[in-house]
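Hello,

Here is the structure I promised to pass on to you. Have a look at it first, and my notes on what turned up follow below.

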Amino acid sequence: MTRKSVTARYPDVQPELPPRTRGVIGLFEENCTVCMLCARECPDWCIYIDSHKETVPPAAPGGRERSRNVLDRFAIDFSLCMYCGICIEVCPFDALFWSPEFEYAETDIRELTHERDKLREWMWTVPAPCALDPAAEEPKELAAARKATEKLAAEAEAKARTEDGAAPGQEGSA
């Protein structure tokens, strides 16, 4: 009330968006395993995925053939999407990301269904993740893993010392 109002001249001046702005969803196709979790968890059913199975030859001779899913179609209908981010949260392979891009308006609603090529283009506008807070507490999982690694290293070092010390003594008694 005490400050003068300022009008943003939007098309000429781009707004300063806060980090983690939800604009459009980008697809990192190489990480997608066609697990379908994003499509199943989507409350709007706006994600369309088609795939087929392919047989992969054995990696080693005498091994067995494996089958894997191959992505044929991945599309998101942004006219239905409510930008809740559930698809991004449930993706266990980090194939979906928020891009801050918000200028993708179309004159025809049918053009708001973005196929995987368009979703891949949005991926290049995804900002790098924020740096970790150096003052933050270390995650419990990392602390437990570090303790286990240190314990194994200490045991291996102790075993190596006893083997070095026991080897000359064993030769003299034999």
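**What I found**

Read from start to end, the chain of this predicted model runs β-α-β-β-α-β-β-α-α. That comes to four helices and five strands. The radius of gyration is 27 Å, well over the 16 Å that the globule rule gives for 174 residues, so the chain is more spread out than a compact globule. If you turn the model along its principal axes, you will see the C-alpha trace span about 90 × 60 × 25 Å.

Of the 174 residues, 22% are buried. The chain exposes about 13500 Å², with carbon and sulfur atoms supplying 55% of that area. There are 21 positive and 31 negative side chains, and the centres of these two sets lie 3 Å apart. Taking contacts between residues at least 6 apart in sequence, 71% join residues at least 24 apart.

In soluble globular proteins, nonpolar side chains tend to be buried together. Here the largest nonpolar core has 26 residues, and those with the most contacts inside it are I25, I47, I49, F74, I76, F78 and L96. At least two core residues come from each of β1 (24-27), α1 (37-41), β2 (47-56), β3 (66-77), α2 (86-90), β4 (96-99) and α3 (116-123).

Leaving out residues up to four places away in sequence, F78 touches V24, I25, Y83, Y104, L112, H114 and L119.

- Is E29 buried or exposed? Its relative accessibility is 19%, and the cut-off for buried is under 20%, so E29 counts as buried. Beyond residues up to four places away in sequence, E29 touches L71, R116 and R120.
- V34 belongs to the loop between β1 and α1 as well. Its phi is near 60°, a positive value in a residue other than glycine. V34 is buried, with a relative accessible area of 6%.
- M36 lies in the loop between β1 and α1 too, and its phi is near 70°, again a positive value in a residue other than glycine. With a relative accessible area of 29%, M36 is partly exposed.

Enjoy exploring the model, and do write back with any questions.

Best wishes

Definitions and conventions. Residues are numbered from 1 along each chain as its sequence is written. This is a predicted model: local features need pLDDT of at least 70, side-chain atom pairs count only at pLDDT 80 or more; totals for chains, interfaces and linings use all residues. Side-chain values use heavy atoms; hydrogens and water are left out. The radius of gyration is taken over C-alpha atoms; the globule rule is 2.2 Å times the number of residues to the power 0.38. Buried means under 20% relative accessible area, exposed over 50%, partly exposed in between (1.4 Å probe, protein chains only). Contact means heavy atoms within 4.5 Å. Accessible areas come from the Shrake-Rupley method with a 1.4 Å probe; for residues, only the protein chains shown count as cover. Lys and Arg count as positive and Asp and Glu as negative; His and the chain ends are not counted. The place of a charge is taken as NZ of Lys, CZ of Arg, CG of Asp or CD of Glu. A nonpolar core is a set of buried Ala, Val, Leu, Ile, Met, Phe, Trp, Tyr and Cys residues joined through side-chain atoms within 4.5 Å.
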